[in-house]
Amino acid sequence: RENLLAANSRLMKDDVVRRFGVPPELVEVVYPGFEPSRFKPGDRERLGQSLRVETGIPPDAVLFGLVTSGDFEKRGLPVFLKAFAAVARECPRARALVAGKEARPGPYLRLAAELGISDKVILRQPAIEVERLYHALDVYVHAARWEEFGMTVLEALACGVPVLTGRSVGACELLSGEAREGILDDLSPEVLAAAMLPLA
């Protein structure tokens, strides 16, 4: 039997087949898993509220968030900030929490200032207990234009948090039922804001 290549999504499989000419029958899709004992909806009150208090988020705030291990550009932070600015103009209670490592946060902080939302955006390092971040959010936004999988999408959903993301994110292949309403064909700031506002 020939060796098989594992891909973490159909999106990734199609890319490998197209770019490298690998026969499709030799590429097996194996989706990543998550820890159900760690990421579960029942922990929202216990984990999420305490983080909101620690972070100074008002009790009545509608909190949108983006969590990433790094690379703000790839994860669509500029698009997220522009969309959030439009939402914040209509919904003063809206806040944004961005957690991730970024060697040069300056351009994103300047963009938030230019958009007039610096006082509504919280930028922090990712936590070891990342599930606390998900449980603090009301809506998770993963604005990557293309991503092989996107573990944060899967983890946020496992915590029971509504997710907005693009069709070119591998994890959206696992969404079913109402969750599929959060898959957007266009990730422009205008379209993303239009999807965020009703949730706010």
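## Reading the model

Helices (H or I, at least four residues) and strands (E, at least two) are DSSP runs, numbered from the N terminus. This is a predicted model, in which local features need pLDDT of at least 70, side-chain atom pairs count only at pLDDT 80 or more, and totals for chains, interfaces and linings use all residues. Residues are numbered from 1 along each chain as its sequence is written, and side-chain values use heavy atoms, with hydrogens and water left out.

Let's start with α4, residues 106-114, whose buried residues are Tyr108, Leu111 and Ala112. These three cover an arc of only 100 degrees around the axis, which puts them on the same side of α4; the arc is that of the directions from the helix axis to the C-beta atoms. Here, buried means under 20% relative accessible area, exposed over 50%, and partly exposed in between (1.4 Å probe, protein chains only).

What do the buried residues of α4 pack against? Their partner is α3 (77-90), where contact means heavy atoms within 4.5 Å. On the face turned away from the buried side, α4 carries the exposed residues Arg110 and Glu114.

## Two positive phi angles

Just after α4 comes Gly116, with a positive phi of about 75 degrees. Most residues other than glycine have a negative phi. Asp71 is a residue other than glycine, yet its phi is positive, near 60 degrees. You can find Asp71 in the loop between β3 (62-67) and α3, where Asp71 is partly exposed, with a relative accessible area of 38%.

## The nonpolar core

A nonpolar core is a set of buried Ala, Val, Leu, Ile, Met, Phe, Trp, Tyr and Cys residues joined through side-chain atoms within 4.5 Å. The largest one here has 60 residues, and those with the most contacts inside it include Phe64, Phe80, Val141 and Met196. Helix α3 gives the largest share of this core, nine residues.

Take a look at Val141: leaving out residues up to four places away in sequence, Val141 touches Phe64, Gly65, Leu66, Phe80, Leu164, Leu192 and Met196.

## A loop residue

Which loop holds Ala179? Ala179 lies between β7 and β8 (183-184), and Ala179 is partly exposed, with a relative accessible area of 25%. Ala179 and Val79 are 100 residues apart in sequence and 21 Å apart in space, C-alpha to C-alpha.
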